[in-house]
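Subject: Handing over the two-chain model

Hi,

Here is the structure I promised to pass on to you. Have a look at it first, and then read on for what turned up.

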Amino acid sequence: MTDMTATYAALEPTRAEKFRQRTVPLILFAVVLLVIPLFNPSRSMVTLLNHMGITIVFALSYNMLLGRAGLLSFGHAVYMGLGGYFAVHVMNWVAEGSGFWGAVPIFSMPAFGFGAGALAGAIIGWPSCRRSGTPFAMISLGVAELVAAAGFMFDSLFGGEMGISADRMGGPEFAGLSLGPVDEVYWFIAFWTFIGVLGTYAFTRTPLGKLSEATRDNPERVEFVGYNPQRVRYLVFIFAGAFAGMAGGMSAVQDEIFTPESLSLIPSGAILIATYVGGIRYFTGPIMGAIVMTYMGSNLSDYTVGWLLYLGLMFVGVVMFLPNGIAGIVYGTADTLRAGRLGEVWQSWLLRLAGLALIATSVITIVEVAFRWSEGYGEVFEPFGLHLGTDNPLTWALGVLPLVLGVVMVMKAAKGESK
Amino acid sequence: METLVFALLNGVIYGLLLFMLSSGLTLIFSMMGVLNFAHASFYMLGAYLAFTIMEGTSFWIALFLAPVLVGLVGMVVERYGLRRVHAQGHVAELLFTFGLAYLIDEVVKIFWGRTAVNYRVPELLDFPLFTLYGAQYPAYRIFILFVAAFMLVALWYLLKKTRAGLIIQAALTHPHMVGSLGHNVPLIFMSVFGVGCALAGLAGVIGGNYFVTDPAMAVQMGPIVFVVVVVGGLGSLEGAFVAAMLIGLLQTSAISINASLADIFGFLGLGPHTEVGEITIASMAPMLPFLLLVLILMIRPRGLMGEREV
């Protein structure tokens, strides 16, 4: 007769495994954050990195809802916006510098954002967390529209169309950082990004974090065991709001301005896309999504006016064919390599890669030619010295043939793998 | 009196347009259990297609052809998109339609540009029909009223009085049983999705020149249509009708009220020059549907006439 507890103890990972799986990645992340400035990135690169840090924390907080608790929200930017607005106001109080506020370093703004986000989550979450699924999504949509509309209405709080700006140079210095030049802001962002990642990861290890996953998978069962799913959702919602507010505080210091636009559905939709494309079933998914999306948002828009279309295509593609997102690809590949199965799958991988490249060729040709045609300036898409006008038969050939061939190849690869 | 009559007339027309959009959305929801986020994008597509067809031919051809084209696009989306995603659950479906709305927006911008197109009321209907309190009332608005009412009756007849309607109703609640009886349920789903999108397209054809036809029209209309469907009770056509009328009247009458919050709550000591006191009812009109949505979902999650909880 084996003792049940003994079997459970045997299932638990050893200390070494725990260290390797949980602590080492965090240390590596910290090392990466510390090493980046050694490469002397340019000013615009540092600004981009700072925005990545903000989006990482924001996406992780969003995934506390979508991935972990199974709550689809269309209004998560509300909490980042409210946290950020509060931080901007605090920064202005600090600049006036009397009494208590005179002693507050600007470095601590994300903490204020955290508090404001938690408060906003606690107030708005009370009515909205009573339901899950579609009603929750709809309430979040309604609340987002309401708050955004209110943002344009109350000028003294939100500053109207112009928003409210602040100065990050005020207040006492912390750790010798004046926060003036952008590479000093980098250290500020790096510190708080690490805190955000650590905090959201620690949250997944708490009983509440585990319960939120249980509530996502089977709320009846959770109730049966003696917990109140509504309460679990509410608490998770408060924490998600708090971390979003923290991202808002980081953004307040980096950009020194907040506008009511930041409360609207557009940034909420953007973080939904970033998180989902990254992969909601992995903790690191939102981090990858945030990095890729911020990079695309800032760089792709320089190359092509159609970048929103590419973004939409990518999102729909991920929803349809890759529900595990970028993280799914990364971990799937790593697993295959570790299991030594590369020899079995490399042919179908190659086939699929080639197919995807062909599809991308067609899609890019179609989109670029279409956008140039639509603007009507007579500009012509000229990649690699080719002259792809709308009257050139090569354009049509490049738009259709690789697409067909690519789809056939990808389908063949998928068929081969399912065998 | 004058304001009231005009608000009433315009409110009913706006409400009927909203119902035309939300009836398709409700049908699709009760069938697949998914809220089609891209529904308002099909409305936009209808308006733009009508504009293009009208340039080449006439408004009357556009009135029939554009909804049919939108319906076909909808069927393709269901067959090759939604049906694939269906296996992954409702959240994936909702996200798919969310991405689709993004895509349709961008594609519309490619074909028709980023600014509003000049989609005008046909000349035949561009005259004042009658004069009310010294103000002329355009004939086109009454035309909208008639098209919407005709559609309403046709939809009701199709669903309640024909054999096809019977099968659709059965497929909504018992798809497996209907399948076992030898009907092609996926085909039914695809057709209903197509018809729902065609209705949205029709609303675009007659609403696009009543309002403005620009790439932002889907984003403006979309959330309000959701509100109508949820407030009315998901899956209930009658509820959608009541909610559409309610929101149509509420919004148009709020726009015509020129009072500020200070005028109403002045007795509580709210000054006319404070920030809250200066807000007028008219400026709150765009917020009202969402306020209603949040209230309804908190107080009565089934919606006005829904049979099941959302």
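Let me begin with the domains. Chain A is assigned domain 1 (17-324) and domain 2 (341-418), with bounds that come from an automatic or database domain assignment. Before going further, some ground rules: this is a predicted model, in which local features need pLDDT of at least 70 and side-chain atom pairs count only at pLDDT 80 or more, while totals for chains, interfaces and linings use all residues. Residues are numbered from 1 along each chain as its sequence is written, and chains are lettered from A and ligands numbered from 1 in the order in which they are written.

The centres of domain 1 and domain 2 of chain A, taken over C-alpha atoms, are 35 Å apart. Five residues of domain 1 of chain A are in contact with four of domain 2 of chain A, where contact means that the C-beta atoms of two residues, placed from the backbone, lie within 7 Å. On the domain 1 side, three of the residues are nonpolar, two are polar and none is charged. For these classes, Ala, Val, Leu, Ile, Met, Phe, Trp, Tyr, Cys and Pro count as nonpolar, Asp, Glu, Lys and Arg as charged, and the others, Gly among them, as polar.

Chain A overall

Chain A has 17 helices and two strands; these are DSSP runs numbered from the N terminus, with helices being H or I of at least four residues and strands E of at least two. Its C-alpha trace spans about 80 × 75 × 45 Å along the principal axes. In chain A, 42% of the 419 residues count as buried. Here a residue is buried if 20 or more other C-beta atoms lie within 10 Å of its own, exposed if 12 or fewer, and partly exposed in between, with C-beta atoms placed from the backbone.

Helix H8 (residues 182-205) of chain A has 24 residues and reaches 34 Å from its first C-alpha to its last, close to the 34 Å expected at 1.5 Å a residue; the expected span is 1.5 Å times one less than the number of residues. Among the buried residues of H8(A) are Phe188(A), Trp192(A) and Gly196(A), and the cover over its buried residues includes H2, H3, H5 and H11 of chain A.

H15(A) has 14 residues and reaches 20 Å, again from first C-alpha to last and close to the 20 Å expected. Its buried residues are Gly325(A), Ile326(A) and Ala327(A), covered by elements including H12, H13 and H14 of chain A. Thr336(A) is also in this helix, and counts as partly exposed because it has 15 C-beta neighbours inside 10 Å. Leaving aside neighbours within four places in sequence, Thr336(A) is in contact with Arg341(A), Leu342(A) and Val345(A). After H15(A) comes Gly340(A), with a positive phi near 70 degrees.

Which residues have a positive phi although they are not glycines? Asn40(A) has one of about 50 degrees, and Glu256(A) has one of about 60 degrees. Asn40(A) lies in the loop between H2 and H3 of chain A and is exposed, with 9 other C-beta atoms within 10 Å. Glu256(A) sits between H11 and strand E2 (257-258) of chain A and is partly exposed, with 17 such atoms.

Chain B and where the chains meet

Chain B has 13 helices and two strands. Its radius of gyration is 20 Å, close to the 19 Å that the globule rule gives for 310 residues, so chain B is as compact as a globular protein of that length. Buried residues make up 45% of chain B.

The contact between the chains takes 31 residues from chain A and 35 residues from chain B. On the chain A side, H6(A) gives the most, with 12 residues, and the residues of that side divide into 23 nonpolar, five polar and three charged.

Happy browsing!

Terms used. Rg over C-alpha atoms; globule rule 2.2 N^0.38 Å.
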